[in-house]
Amino acid sequence: MDFSPVIISLKTAVCALLIVFPAGTLLAWQVMNIQRQRLKIVMDSLLTLPLVLPPTVAGLLLLCLFGVNRPLGRFFLDVFGVKIAFSFASTVIASAFVSFPMMYRSARGAFEQVDPHLLDAARTLGMGETKIFLRILLPNSIPGLLSGSVLAFTRGLGEFGATAMLAGNIAGRTRTLPLAVYSETASGRMDTALVYAGILMVFAFASLLLMSRAGNTKWRN
């Protein structure tokens, strides 16, 4: 049995999380502070859009950006000599794109649950918005941020459609666990497909346990 899909999936999910955690957290903070309600609704909808897009549509959009002859793809190839599409980097991009809304929505929800009187009190004491964010908002939002991280990691680990469109299904390079399940099933190797599916289920269950733990200070009977 080839364990490269497990390794590729874990590396992809970790790298994607390193992107979406700071991006989702900072953008949630920025959107929360937008005063114009219509602009806030538009920005919130745009940042949540990957959550409701069919994965193949998300993959097509990414391919239109990062394909070899497309704007960003050509830029990275000409300037850095790096081909994005059908490489490991493309699995990370696809995973980050589809998992970002999980982190963003969780972060925004966590921020909005912080007592606004704490923030107002800090402002009356002369604290700047950045210091309020670092010293008050973040510490009081840790459970929600941790839950969002687990959700984003799990979503990235299980991504299929966008990865297939942008990264392909190259054994040892871009074949993640979901793609391995599909490939083994299509080839009639059901036993191996079930093993890969079982590994994904174990990761998913462990993630749910971690998310429950993140939202509670102690285990509940």
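Over residues 132-153 the chain is 82% helix and 0% strand, with the end C-alpha atoms 27 Å apart; helices here are DSSP runs of H or I with at least four residues, strands are runs of E with at least two, and both are numbered from the N terminus. This is a predicted model, in which local features need pLDDT of at least 70 and side-chain atom pairs count only at pLDDT 80 or more, while totals for chains, interfaces and linings use all residues. Residues are numbered from 1 along each chain as its sequence is written, and side-chain values use heavy atoms, with hydrogens and water left out.

The stretch 132-153 is one of those that UniProt, in an unreviewed entry, labels "transmembrane region"; the others in that record are 6-29, 41-68, 80-100 and 193-211. UniProt positions are given in the numbering used here, feature names are shortened, and the annotations may be inferred rather than shown by experiment. Take residues 41-68 next: that piece is 86% helix and 0% strand, and 34 Å separates its end C-alpha atoms. The unreviewed UniProt entry also lists "domain: ABC transmembrane type-1" at residues 6-211. Over that span the chain is 78% helix and 0% strand, and its end C-alpha atoms are 21 Å apart.

Zooming out, the protein has 11 helices and zero strands. Its C-alpha trace spans about 65 × 55 × 30 Å along the principal axes. Of its 221 residues, 40% count as buried, where buried means under 20% relative accessible area, exposed over 50%, and partly exposed in between (1.4 Å probe, protein chains only). As for contacts (heavy atoms within 4.5 Å), if those between residues at least 6 apart in sequence are considered, 70% join residues at least 24 apart.

Now for the inside. The largest nonpolar core has 23 residues, and Phe111 and Leu137 have the most contacts inside it. Such a core is a set of buried Ala, Val, Leu, Ile, Met, Phe, Trp, Tyr and Cys residues joined through side-chain atoms within 4.5 Å. Two or more residues each come from helix H1 (4-32), helix H5 (88-112), helix H6 (116-124), helix H7 (129-137) and helix H8 (142-157). Setting aside neighbours within four places in sequence, Leu137 touches Trp29, Met32, Phe111, Val114, Leu119 and Ile132.

The structure holds seven aromatic pairs; rings of Phe, Tyr and Trp (its six-membered ring) pair if their centres lie within 6.5 Å, and planes under 30 degrees apart count as stacked, over 60 as edge-to-face and the rest as tilted. Phe75 and Phe76 make an edge-to-face pair, 5.6 Å centre to centre with 80° between the planes. Phe75 is partly exposed at 42% relative accessibility, and Phe76 is partly exposed too, with a relative accessible area of 26%. The pair of Phe111 and Phe133 is edge-to-face because the ring centres are 6.0 Å apart and the planes are at 80°. Since Phe111 lies in helix H5 and Phe133 in helix H7, this pair ties together parts that are 22 residues apart in sequence. Phe111 is buried, with a relative accessible area of 1%, and Phe133 is buried at 5%. Ring pairs also link Trp29, Phe111 and Phe133 into a cluster. Elsewhere, Lys11 lies over the face of Phe88, 5.1 Å from the ring centre; a charge sits over a ring if NZ of Lys or CZ of Arg is within 6 Å of the ring centre and within 35 degrees of the ring normal.

H10 is mostly covered, as seven of its 10 residues are buried: Leu177, Pro178, Leu179, Ala180, Val181, Ser183 and Glu184. Glu184 counts as buried because its relative accessibility is 9%. The side chains of Glu184 and Arg189 are joined by a polar contact of 2.6 Å, meaning a pair of N or O atoms within 3.5 Å; within protein, one must be able to donate a hydrogen and the other to accept it, and residues adjacent in sequence count only if both atoms are side-chain atoms. Just after H10, Gly188 takes a positive phi of about 85°.

Helix H11 (residues 190-214) holds Ala193, which counts as buried at 4% relative accessibility. Beyond neighbours within four places in sequence, Ala193 is in contact with Val181, Glu184 and Thr185.
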